[in-house]
Structure formats: structure tokens, C-alpha cells
Amino acid sequence: MAGGSVRQAAESARNKTSEIIAAARADGMAVSHDLLHTPYIRAALPFINGGLSGMVATFVIQPVDMVKVRIQLAGEGSSGGPRATPLSVTRQIIASGKVLDLYTGLSAGLLRQAVYTTARLGFFDTFMGSLKIRATGQGREVGFADRATAGLTAGGLAAMIGNPADLALIRMQTDGLKPLAERKNYKSVIDALSCIAKSEGVGALWAGAAPTVVRAMALNFGQLAFFSEAKAQLKKNTDLSARAQTLSASAIAGFFASFFSLPFDFVKTRLQKQSRGPDGKLPYKGMADCFTKVAKQEGLLRFYRGFGTYYVRIAPHAMVTLIVADYLGWLTK
């Protein structure tokens, strides 16, 4: 009997412990659920999810971005000469250093996403939420014009905020093209930003801001507006699964984002890479001057040089970013 009583007491204690643990878990989940649904957290989530998704995508795509920048700078100032290809540029980078050189500027790329993508996706979701409320009040559905407005505005605002990190990324990626004596050998994005600010002034951190903003507006118009529209149309007119809709819509969005933004991305790279010559002058006075000189000296098609590489950089980046953002959005509902 004593043994049975001990066993019963032990069983009862285990049951109570299990009940306490279950209750604690339930309370923890309830607290977490309540925290996620506070006004401040709900407002911040689109920005947090956007930044995290962009950083994941950048880590995956960084080598392609490195090759894209080098292709855009190849043959600067002339229309002839051998044409750079993704394979030849990749071989050159690896031959002159090591495979990890393809990840040059990763810290700047991650910082750029932490600032730029956090802002653009956060602003886009915030603007779309307001536009949906307005459209519902007017008794209509959200249209392409609404999506385009949200994408253009979000892209422009985010680009201005993220321009210093974008500039640091270009400087780090092109430093290896300079003669050894002229290289800065930046240790990190913080080192690059501080060196640029000290040697050229704080205002220099916004060099190329005009084409950067226009590029971002064009890219967001092509990416976010077309992604949102394509997904809505695929959901309405096809039987594809939710995952297939997201993949298809992001591939479509990647093409339009590449087409609309590449000329501005090209000019942005040229402006952010340039440095003063022996006469103290810069090669280009601004966005319009760069467009004019490149068109005259190198031909109009030069603006679309490396379109395949750019698409391979933009489309997968868009796909990874949007898929991760969708997943994070689902987790934090």
C-alpha cells in the first residue's frame, strides 16, 4: 500500500508539473501574440520583415552584383574594345585575388538592405494599407495606379535614406580596379563611410543621389507594382498554388524592374565610382551630363549592357526578398 501511495503521489506530481508547463507555454504564447498585435509592433513589422528579407536576398546574390558593377565599368569612355562578359569578369576577379573577392562589399550591401529595403518595403506596405482603406471607402478595389503610386513613392524615399550605404558598396566593389598605390583597401562599410566623409566631405555620401532615387522609383515601380498586380491577376485567373503565384509574380516583376531601372543603375554606378582627375574635375557633372556623354561616346545600347546579368541579379533578389517577406508576414500575422 505504501508503495502504491508513493507511485500515486509521483504520478500526481508529474501531472501537475505537466499542467504547469502547459499553462506557462500557453501564457507565453498569449503574451507573444498580444505583443505582436500592439499598435507600435504592427506598424514596425513591415519594416522589420522587409529589412530581414532584403538582407537574406543580398547574401545570396552579392557575387552577381559584384560582376554586374564590373561589367558596367568595363570600357568606360569608348565604344570599341572587347566586350566584358559575366564569365570573363568572374574569371578576372578570381584570378586577381580569391573566390571570396566576389563578396567584396558584403557589409555595405547588408547595411544598404537594412536601411533601403527596410524603408521601401515598409513604406510600400504602409502606403498600400492606407490606399486599401481609401479604395474600400470609395467602393472600389485597389488598382494598378494605386500600386504604382505606392511603389514609386516608397522607392524614392528609401533611396534617399540608403544612398550613403549604396555609395560605400560601389566604392568597395570598384576599389580593386584602381592601381595598387591608389587603392583605399576599405576594411568595412563603416571604414568606407568614414574615409569618404573625411576626404570628400559628408555631402559626398549623397553622390549620385539623383539617379539613385530615379533608379529606385523605376525599380520599385517595376518590382512592387507589377508583383502586386501580377499576383492579383494570377490569383484571379489561374489555379496556381500560393507559392507558385509568388514565384511567377516575382519573376515577372523582376523583368520589368530590370527593364525600367537598368539605365539609371548604370548612370548611378558611373557617378558613384568617379573621382577627381589631376585637373581637379570630375568626369561627369551630374545625371544628365553622364547620360549625354555615355550616349555620345559609347552608344545608347551601353545603358543596357549586362542586362542578362542585371536580371539574374534583380529577379532572384526580388524572388528571395518577396518570398521571405511573405513568409515572415505569415509568421507574424
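This is a predicted model: local features need pLDDT of at least 70, side-chain atom pairs count only at pLDDT 80 or more; totals for chains, interfaces and linings use all residues.
**Overall composition**

The protein contains 10 helices and zero strands. Read from the N terminus, its elements follow the order α-α-α-α-α-α-α-α-α-α. Of its 333 residues, 41% count as buried. When contacts between residues at least 6 apart in sequence are considered, 78% of them join residues at least 24 apart.

**Packing around helix H2**

Two packed helices are described by the angle between their axes and the distance between the axes. The table gives both values for two pairs that involve helix H2 (residues 39-73).

| Helix pair | Angle between axes | Distance between axes |
|---|---|---|
| H2 and H8 (residues 242-273) | about 80 degrees | 10 Å |
| H2 and H3 (residues 86-95) | about 105 degrees | 9 Å |

The angle between H2 and H8 makes these helices roughly perpendicular to each other. On the H2 side, this contact is formed by Lys68, Val69, Gln72 and Leu73, while H8 supplies Leu262, Asp265, Phe266, Thr269, Arg270 and Lys273. By class, the residues of the contact of H2 with H8 are four nonpolar, two polar and four charged.

H2 is also roughly perpendicular to H3. Here Met66, Val67, Arg70 and Ile71 of H2 meet Pro86, Val89, Thr90 and Ile93 of H3. The contact of H2 with H3 comprises six nonpolar residues, one polar residue and one charged residue.

Leaving aside neighbours within four places in sequence, threonine 269 touches Lys68, Val69, Gln72, Leu73 and Ile170.

Where does H5 bend? H5 bends by about 60 degrees at glycine 162, and proline 164 follows within four residues. Because 23 of its 31 residues are buried, H5 is largely enclosed by the rest of the structure.

Helix H7 (residues 209-237) has 29 residues, which should span 42 Å at 1.5 Å a residue; the distance of 40 Å between its end C-alpha atoms agrees with that expectation.

Alanine 108 lies in helix H4 (residues 106-137). Is alanine 108 buried or exposed? Its relative accessibility is 0%, so alanine 108 counts as buried. Apart from neighbours within four places in sequence, the contacts of alanine 108 are Ala165, Ala168, Leu169, Met172 and Val189. Alanine 108 and isoleucine 170 are 62 residues apart in sequence, and their C-alpha atoms are 8.8 Å apart in space.

Asparagine 185 belongs to the loop between helix H5 (144-174) and helix H6 (189-200). With a relative accessibility of 53%, asparagine 185 counts as exposed, because exposed residues are those over 50%. Most residues other than glycine have a negative phi. The phi of asparagine 185, however, is near 50 degrees, a positive value in a residue other than glycine.

Conventions. Residues are numbered from 1 along each chain as its sequence is written. Side-chain values use heavy atoms; hydrogens and water are left out. Axes are lines fitted to C-alpha atoms, for helices over the stretch in contact, and angles run from 0 to 180 degrees between N-to-C directions. Angles under 35 degrees count as roughly parallel, over 145 as roughly antiparallel, 65 to 115 as roughly perpendicular and the rest as oblique. Contact means heavy atoms within 4.5 Å. Ala, Val, Leu, Ile, Met, Phe, Trp, Tyr, Cys and Pro count as nonpolar, Asp, Glu, Lys and Arg as charged, and the others, Gly among them, as polar. The expected span of a helix is 1.5 Å times one less than its number of residues. Buried means under 20% relative accessible area, exposed over 50%, partly exposed in between (1.4 Å probe, protein chains only). The bend at a residue is the angle between axes fitted to the seven residues ending there and the seven starting there.
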